[in-house]
Amino acid sequence: MPVISAPHEFNEERLFVDLESIVGQPLYLKCEGFNFAGSIKLKAANEMVESAERDGVLRPDSVLVESSSGNLGVALSMIAASKGYRFLCITDARCNLSTRLLMEALGSQVHVVADLDANNGFLGTRIAYVRELCASDDRYVWLSQYTNPGNWRAHHRTTAPEIAADFPQLDVLFVGAGTAGTLMGCARYFRTWHRPVHIVAVDAVGSVAFGGEPGRRMIPGLGMSMRPPLLDESYVDEVILVEEADTIRTCHRLARRGFLFGGSTGTVVSGAAEWLARHGARDLTAVAIAPDLGERYLDTIYQTNWLQDLYGDLVLDDERMSTAARTDEAATRTPDRQRRA
Ligand SMILES: Cc1ncc(COP(=O)(O)O)c(C=O)c1O
């Protein structure tokens, strides 16, 4: 029975969903959304705050400041509230409303930037704002998730060994990349493991993280409008890019089976299922990482008007057809099963 006295002390480490019956490929999904911050970012936030405390960078009058599209902001809000620090999150218009409200409910201050940077994203604008703040007052402490080694070390110490413990025969691992903290922590861990693991990074079309062309991206979490400073591509075997429309269809396919995941999970699962189908990889042991759950996306990915405005009326048509096909199939299967019984 886990009993805790601070919210960051609990994280579900060993929950995997077998997705074979949903995506038609052998794929296990590691669920990272079951903690009080609701996402994998709790791990990076914990590691970075603890190391700043150890280094004497964080003092009682410090104000934590961080650029975040949401999940790290929520995790830092929670930790700051628990430890008595002030926290200011610099985010942008793509941050979900519920995520912003959540940070405020936890006592944080949220600043939303509105100007796009040169790569059609907001990251450059957010970081410029953080730098200005830090230059203006030395009480501000910027943990800098984009460059802080604690970000990838968290996953080297926790996420990767958690997967290794339950999948000793792992062949291929699919990891979405934002700051690349999860990707680099896992890739570095499996580089020295007892057997080779094919590391596949999954990114969104429109992200420039791996050198792609900049383009519109509306789903927060994955993708970057700059090259992630933590990324060392020599640890990555392959990169796949997923269109946002495919991300959305996959999110809805999972939701129709009762699994409500966040947008980046749709990206990773879509990329992984396509990769496994293309390689005819039925004998491989494959794991993908789901960074969060879907409730924070009810007014975006799971809202019809938002979808239609951005992606057109037909974005979910394939998904509706496959759901209908599945329903028909189930209907024709039922009498058969009854006859056997
Ligand atoms: C929902 C979601 N997915 C994926 C990621 C990417 O993780 P990382 O920054 O470790 O690359 C993030 C990071 O904030 C996220 O919030």
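View 1. Domain 1 (16-34 + 154-311) and domain 2 (40-142) each give at least three residues to the shell around the ligand. The domain bounds come from an automatic or database domain assignment. This is a predicted model: local features need pLDDT of at least 70, side-chain atom pairs count only at pLDDT 80 or more, and totals for chains, interfaces and linings use all residues. Residues are numbered from 1 along each chain as its sequence is written.

**View 2. The residues around the ligand.** How many residues surround the ligand? There are 18, and the closest are Asn 71, Gly 178, Gly 221, Ser 264 and Pro 291. H8 gives the most, with three residues. Helices (H or I, at least four residues) and strands (E, at least two) are DSSP runs, numbered from the N terminus. By type, the shell holds six nonpolar, ten polar and two charged residues. Here Ala, Val, Leu, Ile, Met, Phe, Trp, Tyr, Cys and Pro count as nonpolar, Asp, Glu, Lys and Arg as charged, and the others, Gly among them, as polar.

View 3. The protein chain is divided into domain 1 and domain 2. Their C-alpha centres lie 24 Å apart. The contact takes 23 residues from domain 1 and 20 residues from domain 2. Two residues are in contact if their C-beta atoms, placed from the backbone, lie within 7 Å. On the side of domain 1 that touches domain 2, helix H6 (149-157) and H8 are the elements that give two or more residues. That side of domain 1 divides into nine nonpolar, nine polar and five charged residues.

**View 4. The sheet of six strands.** This open sheet has the order S1-S2-S10-S7-S8-S9, with mixed pairing. Strand S1 (16-18) and strand S9 (238-242) stand at the edges, each with a single partner strand, so one side of each has no neighbour in the sheet. Neighbouring strands are turned by 25 degrees against each other on average, direction ignored. Two strands pair if DSSP finds at least two bridges between them.

View 5. S1 and S2 pair in the antiparallel sense over three bridges. Val 17 has Leu 29 in S2 as its bridge partner. S2 and S10 run parallel, joined by four bridges. Strand S8 (residues 198-204) pairs with S9 in the parallel sense over five bridges. Asp 203 stands opposite Leu 241 in S9.

**View 6. A helix on the sheet of six.** Helix H10 (residues 263-278) packs on this sheet. It touches strand S2 (28-31), strand S7 (172-176), S8, S9 and strand S10 (286-290). The direction of H10 makes about 165 degrees with that of S10. Axes are lines fitted to C-alpha atoms, for helices over the stretch in contact, and angles run from 0 to 180 degrees between N-to-C directions.

**View 7. The sheet of four strands.** Which order do the strands take in this open sheet? The order is S5-S4-S3-S6, and the pairing is parallel. Strand S5 (109-113) and strand S6 (140-142) are at the edges, each with a single partner strand, so one side of each is left without a neighbour in the sheet. The twist averages 25 degrees from one strand to the next. Strand S4 (residues 86-92) and S5 pair in the parallel sense over five bridges. Asp 92 has Val 113 in S5 as its bridge partner. Helix H5 (residues 123-136) lies across strand S3 (63-67), S4, S5 and S6. H5 runs at about 160 degrees to S3.

Definitions and conventions: Near = placed C-beta within 6 Å.
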